[in-house]
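Me: Please take me through the aromatic contacts and the helix packing of this structure, with the reasoning behind each assignment.

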Amino acid sequence: MERRQGLTPDSIDRRTCLAALAAPMAMSWVGPSLRAGRTQGDRGGGPPRPRLLFTREELDRVRARASHPQLARFRASVLAKADRYATAAPLVPSIAKRGEPDPPGEAKGLACARGLQGRVVTLGMAWEVTGDARYLESAIAQLEHAVREWRIWVDTAHQPPFDLMTGELSLTFGLAIDWLLPAVADARRASIVDGVVRRALDTFLEAVERPNPPGWHTAAHNWNTVCNGGAVMLALALRPTHADKATRVLERAVPAMDRYWNHLGPDGAWGEGTGYWRYGHRYALMAAEALRRAGHPAGEAVFARSGVRQTGYFPIVFNPGRTLSASFGDSNGRASDAIFYFLGARYRDPAFIWYQDRVPVDRQREGWPDEALALLWRPVDEPWLPEQQQGYVPQVPAAAVFPSIGWALLAPRQPDPTHFLAFKNGSLAANHTHLDLNHVSVAVGDQFLLLELGSRPYPADYFRADTRYGYYEIGTRGHNTVLVGGRGQVHRREGRLLPLVDGEGVQVLTGVADDAYEVATPIARRHVIALDDRERFVIVDEIETAEAQPIELRWHTGGAWTLGADGHAVVTAGTARAAVRTLAIGGVPSLAVESPDGWIRPVQVLRVPLAAAPRHLVATVIAPGASEAPSLSLAWSENGRLVRLRVGERQLQFATAAGGGLRPA
């Protein structure tokens, strides 16, 4: 790569160059008037730039308020990172396959695309905040290197001609063309634009204009919006100079994204989990905002959706406290992104601002430019903001149910619960889902006791249909649910989470997994009963098979199990603990602890096997924070329509309701 050590008359336009040369031994300040002058439109005229996600006036406000107490930490991080990026070695995408090691100094293509976005937007924001033109020069040089020197723009894990890597690069270059390249001399700008048209705009059209477009084009998952959304940003940036191609991209990408948005229910939940909620939504929402600003009706239509208005509450619920994620499936980490600030400002909802404000700034982390976008999107000095409301706490339901995807979380209180139980049902066809209907996770404080294993670093065959469900953490065996006849559940089968039943001092959630197993199982239901304002939980498993089958309950922990008598066990992890007691119709089951093969981290599983029978009813009481679980008795009527429980001194009776749930009787 050609290394430019500063501004030259050939690299930056004449007005910028004059400002830089005025003080060659000091910071190169580009004053506000010169900034406005160089971004009023394209070289041949046209609408003012930038315009995709922000205007010149908005950027001027960012500079004016960047030292505000609510924003100072973001400014400091942007400048620290920009200084590092300005002297960093260029990013080099590896051509090694997924699961193979990368040569020294190289990284996987998708990681490089994400890193480039972080570098370019952070450097651009540092230039805006300080006026130091070396940041701009570094951003432009890194864009040039990606266009000229990168061997791939499609990650080696994916099929060409367009993929997630190309989508992320398209958004990055779209922003740069709209925002940074108007400051660059015509020849240099044209070289970058020609390269991104060839490597991204053209390849998108090659992918989607074929008779059978790739599946991601109209998929109901993150690939849709990363690929289509990135292409939309690039097309909008290039529309003044490449009208025909840009129009063709928009005609195909914009309606394709409706499939993604139509998959978002009115409760705002997302079946890929909170990690992929972040990924898909950040690209989807940025594309929608750019379309809105461009006057395209599809943009405003996105923000009119009730699910979009509510969607920020989904990760708030399933990322309780400050460190844990109670999400399910692959890459199920916490969602933290400046997009929460965007949503908060858009809907004037202080809960979204409050949530993202609690995320610590990490000056060493590379990747998406969260701090740079926080400077743009985090509102200040408005009366609805959380810091303007003394003792502000968001209104998050302690019993939160998301019926559109069949997930729920129960806690004594929210936010920052002392403990919680997360419950998973829904569709086994959801992208990145595991075979985990009726899985339960339990945490005390900031420590999981009964955990969801999540996913490992993706091996080469992780998403191959013939190998994926053999991985321990993806199969039913690797979850806190029930095996039937030693077998698990079947990909693409559908489960149902029934509505929350709220009785006097009792709440009941029922997950229905009927006919979801490899073994014929017409009834497979888990009833989660919350007692005493969700201080204790009783789980009742109801299984009926076509032929007599053994079943097995499995409970995973990253801590340790200690077995007692009469179906009693205690699980501990760090200083957290919970007591568990299990009872089945017919007596106390045997308990066993094993360390299963096939997982990449230490884990113990409590196995609760029951002998073959055509019908099973098993109750498990879980007492978070306790060393001793209450006593337990269990009975059901001959016709199975009444279930009687005694938990400690408390007598409970439930009747089978329509749809297979339980209701207090």
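**Aromatic pairs and helix packing**

Reply: A search of the whole structure, which is a predicted model, finds 28 aromatic pairs.

Me: How are the rings of phenylalanine 204 and tryptophan 216 arranged: stacked, edge-to-face or tilted?
Reply: The ring centres of phenylalanine 204 and tryptophan 216 are 6.0 Å apart, and the planes are at 40°. Planes under 30 degrees apart would count as stacked and those over 60 as edge-to-face. The pair is therefore tilted.

Me: Which parts of the chain does this pair link?
Reply: Twelve residues separate the two partners, and the pair links distant parts of the chain. Phenylalanine 204 lies in helix 8 (residues 186-208), while tryptophan 216 lies in the loop between helix 8 and helix 9 (222-238). Both phenylalanine 204 and tryptophan 216 are buried. The parts linked are thus helix 8 and the loop between helix 8 and helix 9.

Me: Which helices are joined by the pair of phenylalanine 340 and tyrosine 355?
Reply: These two rings form a tilted pair, 4.7 Å centre to centre with 45° between the planes. Phenylalanine 340 and tyrosine 355 are both buried. Although 15 residues apart, they connect helix 15 (residues 339-347) with helix 16 (residues 350-357).

Me: Over which ring does the charged end of arginine 615 sit, and how far from its centre?
Reply: Arginine 114 has its charged end over the ring of tyrosine 279, 4.9 Å from the ring centre. For arginine 615, the ring is that of tryptophan 636, and the distance to its centre is 4.3 Å.

Me: What is the orientation of helix 7 and helix 9 to each other?
Reply: The axes of helix 7 (residues 164-179) and helix 9 come within 7 Å, with a crossing at roughly 25°, and this crossing is left-handed. Among the residues in contact are Gly167, Leu171 and Gly174 of helix 7, and Val226, Gly230 and Leu234 of helix 9. Angles under 35 degrees count as roughly parallel. Helix 7 and helix 9 are therefore roughly parallel.

Notes:
Residues are numbered from 1 along each chain as its sequence is written. This is a predicted model: local features need pLDDT of at least 70, side-chain atom pairs count only at pLDDT 80 or more; totals for chains, interfaces and linings use all residues. Side-chain values use heavy atoms; hydrogens and water are left out. Rings of Phe, Tyr and Trp (its six-membered ring) pair if their centres lie within 6.5 Å; planes under 30 degrees apart count as stacked, over 60 as edge-to-face and the rest as tilted. Helices (H or I, at least four residues) and strands (E, at least two) are DSSP runs, numbered from the N terminus. Buried means under 20% relative accessible area, exposed over 50%, partly exposed in between (1.4 Å probe, protein chains only). A charge sits over a ring if NZ of Lys or CZ of Arg is within 6 Å of the ring centre and within 35 degrees of the ring normal. Axes are lines fitted to C-alpha atoms, for helices over the stretch in contact, and angles run from 0 to 180 degrees between N-to-C directions. Angles under 35 degrees count as roughly parallel, over 145 as roughly antiparallel, 65 to 115 as roughly perpendicular and the rest as oblique. A crossing is left-handed if the near helix is turned anticlockwise from the far one by less than a right angle, and right-handed if clockwise. Contact means heavy atoms within 4.5 Å.
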